[in-house]
Amino acid sequence: MVAGLVFLSIVVFLPAFGALVLMFFPSHAERAIRRTTLGVTLVVFLLTLRLVLPGLHAASQNPLEQVLHDVRFAAGEPGYQHAYAVPWISSFHIDYFLGVDGISLPLVLLTSFLSVLAAAASWSVTKHVKAYSILFLLLETGMLGVFLALDFFLFYVFWEVMLLPMYFLIGVWGGPRREYAAIKFFLFTLVGSVLMLIAILLLYFASDVRQLPENARRESFLSQEVMVKSLAPSEKPLHTFNLIALAKLGQMPDSPFQEPVLGGKSVAWWAFLLLLIGFLIKVPAVPVHTWLPDAHVEAPTPISMILAGILLKMGGYGIIRICYPICPQGGYELAWFVCLLGIVSMVYGALAAMAQQDFKRLVAYSSVSHMGYVVLGLGAWSLMPGLYDPQYWKMGMNGAMFQMIAHGISSAGMFFVVGVLYDRVHHRDLNQFGGIFGRMPVYTALSIVIFFAALGLPGLCGFVGEILVIFAAFSYSRALAVIGASVMVLTAGYILWTIRRVYLGAEYRGPHAEALSPLTTREFLIAATLSVAAVVFGVYPQAIFRYMAPSVNRTIDELAEWMKREANLHAASGHISHPSDLESGQTEDLLSHRDAPSQ
Amino acid sequence: MIDLHRTLDHLSFSLSAWGPELVLCAGIVVLLLSRMVFPLGRYLPFVISLIVCCLALFLAGPWNGTWPIVGENSVPIFSGLLAWDGLGAFLKTLILGFSALFVVFLWLSGFPKPAHATDFLVLYLGAVVGMCVMVSAEHLLLAFLGMEMASVPSYVLAGFDRRARQSAEAAMKFAVFGAASAGVMLYGISLLGGVLGTFSIPQMADQLMLLAASGDYHGQAVILVLSSLMILVGLAFKLSAVPFHFWLPDVFEGAAAEVGTFLSVVSKAAALGLLTRLVLGLLGYGVLEATNAGVLPIVTFLVVTLSLLSAATCTYGNLAAYGQNNIKRLLGYSTIAHAGYMLMPIAAAVAVLFRDASLARWAIATLLFYLVTYLFMNFAAFATVTFLRNAFRSETIADFAGLIRTSPGVVVCMSLALFSLVGLPPLAGFAGKFAIFSSLVFGGLWSLFVIAAINTVLSLFYYVRIIKTMVFDVPVRDPLPQVRLASPKGIFLAVLTVPVIVLGILWQPVFMLACRAAGYPW
């Protein structure tokens, strides 16, 4: 088990170590610095790739092979793997606790994958390459840490660690309004983090590991120290930051998080709301999305790729990993709110994208719209009292998770595509483009694949997630599903219109026409890799669902169990809850021929 | 005879427990004499002071055995005027550790010219003795004496730069404000002592609990409230808590940055130590038998007063820092804001004292831990400002524009210190803030916690403005001066910055030490 922790720690901290090594490079050795950065990200990618490759011979004599065999990720297992906790700050019962499951694994791979591509795309950065590379690698450590941390405090630390590199990466290497964009990004994120910190302490203070049954304590992978303490008789509550233990505490009958705190609402309700806002700022959902267009437009291309491809996913990941399992009561009561924000983001993002003149801004707003699907899919709590059929919510959450991966690929691709064009002609005005097809045919072909993936064309990766989310929304509320489906038309509208304005047309009449040279090999490889990924995951989504669905489904099953138990408790005590915001579930026959991706 | 024996025993024990202060006093004498013997030893005063501080640190440090616990088995020395216990010893270690670094810092910055170094250091060491008395006082008169011993040299130090008009003005303001607040405090002390019939804090606690048990305080509630508010005025002045903060920005701007460093770090630590001893000591550390109904008015009064004071201080400091162009002034307001943060755990400690006395000790431990983190991050920020002043001959933020082009190492150190002051992980400031926030949550002071959290966001903007100027902006100075990291000054900065990172990641040992000092049971 320790081998797993060591392996994951190497994955997380290798980039930071690389940054440390880069400090000793002379700053004029730009070539060496760039190659080292790319090399480090590549090694990290290969290490994470090891997780999904099949095992070697189990009974190998060679200890190295044995370790390599042990650190694989067994597909189809819903639980955490390589989860191991060692005490870190024992005064606060904080553990250094890493682990991976089907929900985090695809995101970890996405992170390491996009980091390689972004590092390769960083050749376009020519200013202060050394500082840039150091910050870039620190950023990667933060991102990987967020997805692998299973201790709330550790999660928070990694979450914040990304902030500083990002601030400088936008502020120093960005476009003309970079300072404004950087501080705006910083302020918004910090507000979200502070709300999260309040919720963390709220939950920490309410938690008490000793209330958990012993088997649940074992399943929470508490560190040896905490385990011993939890068994010893003591009058003092044993608080915890362990995310698994917190989830078990949140879902147990008579959960300590159901204590009312303020305004008649429980700890779970408030914690859910605070965490939700914190995560939605990162997603970002309307109305807290305004930092995103600025940050995207000003950030250099590789950083835009990282920002759209990975950072936004952390919000969605936080909601599925933390909000719902730990605070199911809040999630249940606020499901309408989550869905509302999701659908508003979808519509608003799409409409705003249509109105843009700036190519990059358009892509940024399309991110808002696409991440709206994620929020809607996560929020569509379609478990009906009395029925508790988790099938549709499973669809929604699987769809949302898939959409995060798909959007990671397509949005990173779109930002790269915009960056390629900007590097050549130094403007992004949609009205001054046209006729790129004639000048750069390979580039245009790859771009169109990526744009169609974002559009949600069947056969490309964007389609799978969106359609699953719409199905799930249908059983939650038909009105939402109808609106959501029509957003697909809006999306098609702005993307097709963009393709017409940029790529089609007789000839390019904008400035710097002479600079429109074909793609370099490096650029071609990046765009082609993303296009291939878009096609592969569109045709064979099972490649991701294989790992993801068991974990997602288990999360939902647990929540369904929780809901059933709560309803029984309420029935026993005389109040039968009839959530008024749920529409009747007569849609099974419509969807019964469709299997949830888990099956 | 037996009595004499016992007295002598007690005296010899007291003197041994008072070792650090004695070393300091001896050091002052040696410093004064050394000038007569070696009038030409340019760096001799620094060397002597450094040796004295290190020796005192060695005597005070946590390495000589275990500490008695304050309020439980703290050892009275000098027949109960002072006490030897964990709280005092921890803060003395902090103060003396800072002093050792501070002497090196003075040496590097070259502020007191070698000719005046003796004067400066004698005054400084005198103030240190005063602060050591403050953090171990068990008697209100000694507490007052300690405060004055710490304050009077500070007034002189603030005006040490005799040729600068601003410096003289700062000293004048400082002295007038200080004298007035000291007078008010003394009056408050006499009132409180009169009501309770004694000046010894443990005995006052007994009396107060008797009064509280009587229910109606024998009609002396008004005097109690008045006297405690007056004492608080004196301490609020030292802490620069709103509304007694007016002196601080002017003094920080006028006095040399070196003096500001000392005022913003250890002076605050000593005042907080004294406040803790007073507030918790008068309530008997929750150990004494107390009827809940009786102490409730006192607890409510103290919690509300301290909460309001801390919330106002913190918010005012952070908002007022926005408009500053002078970096010393800005750091002055940041000091005010941090004084607000550091008042919060004391309020939390009072709030839980009679509910769970061990949680009150936890709150004090978080305060002590915060002080350690604050020492390093604030010292690093002030040291950077001092070295930049030497290089730029300016303290205007705009003049430091584009500094990263010539002095990247220094800018990185400064950025880490400032981000730590904001409270971003994985830096020490976050660990400290997190600990303080936890004490607020345990104390049930949710509204104060939310205010503190909002203040974190408020503070981001002005700290980042300094970093933005140094990193993003185009230089206005040509040629741009340089402070190299590979120089004694740069290395000193790095030495201060490394703990800012290390304490943000591996803070368990230091936090354990703070818990032990505060007597939180494990």
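What radius of gyration would a compact globule with 599 residues have, and what does chain A have? A compact globule of that length would have a radius of gyration near 25 Å, and chain A agrees with this at 24 Å. The radius is taken over C-alpha atoms, and the globule rule is 2.2 Å times the number of residues to the power 0.38.

This is a predicted model, in which local features need pLDDT of at least 70 and side-chain atom pairs count only at pLDDT 80 or more, while totals for chains, interfaces and linings use all residues. Residues are numbered from 1 along each chain as its sequence is written, chains are lettered from A in the order in which they are written, and side-chain values use heavy atoms, without hydrogens and water.

The C-alpha trace of chain A spans about 75 × 55 × 50 Å along its principal axes. Its secondary structure comes to 25 helices and four strands; these are DSSP runs numbered from the N terminus, with helices (H or I) of at least four residues and strands (E) of at least two. Of the 599 residues of chain A, 64% count as buried, that is, under 20% relative accessible area with a 1.4 Å probe and protein chains only. Among contacts in chain A (heavy atoms within 4.5 Å) with a separation of 6 or more, 80% come from residues 24 or more positions apart.

One buried residue is D101(A), with a relative accessible area of 2%. D101(A) lies in the loop between β2 (94-100) and α4 (104-121) of chain A. Its side chain reaches the backbone nitrogen of I103(A) at 3.0 Å, and a polar contact of 2.7 Å joins it to the side chain of R321(A). A polar contact is a pair of N or O atoms within 3.5 Å; within protein, one must be able to donate a hydrogen and the other to accept it, and residues adjacent in sequence count only if both atoms are side-chain atoms. Beyond four places in sequence, the contacts of D101(A) include F73(A), Y80(A) and S551(A).

Next comes the interface. Here 36 residues of chain B are in contact with 32 residues of chain A. The area buried between the chains is about 3200 Å², 82% of it from carbon and sulfur atoms; buried area is the accessible area (1.4 Å probe) lost on putting two parts together, summed over both. The rule finds one salt bridge across the interface, a side-chain nitrogen of Lys or Arg within 4 Å of a carboxyl oxygen of Asp or Glu. E179(A) forms a salt bridge with K468(B), their closest N and O atoms being 3.4 Å apart. The largest share of the side of chain B that touches chain A, 12 residues, comes from α18(B).

Key:
Buried means under 20% relative accessible area, exposed over 50%, partly exposed in between (1.4 Å probe, protein chains only).
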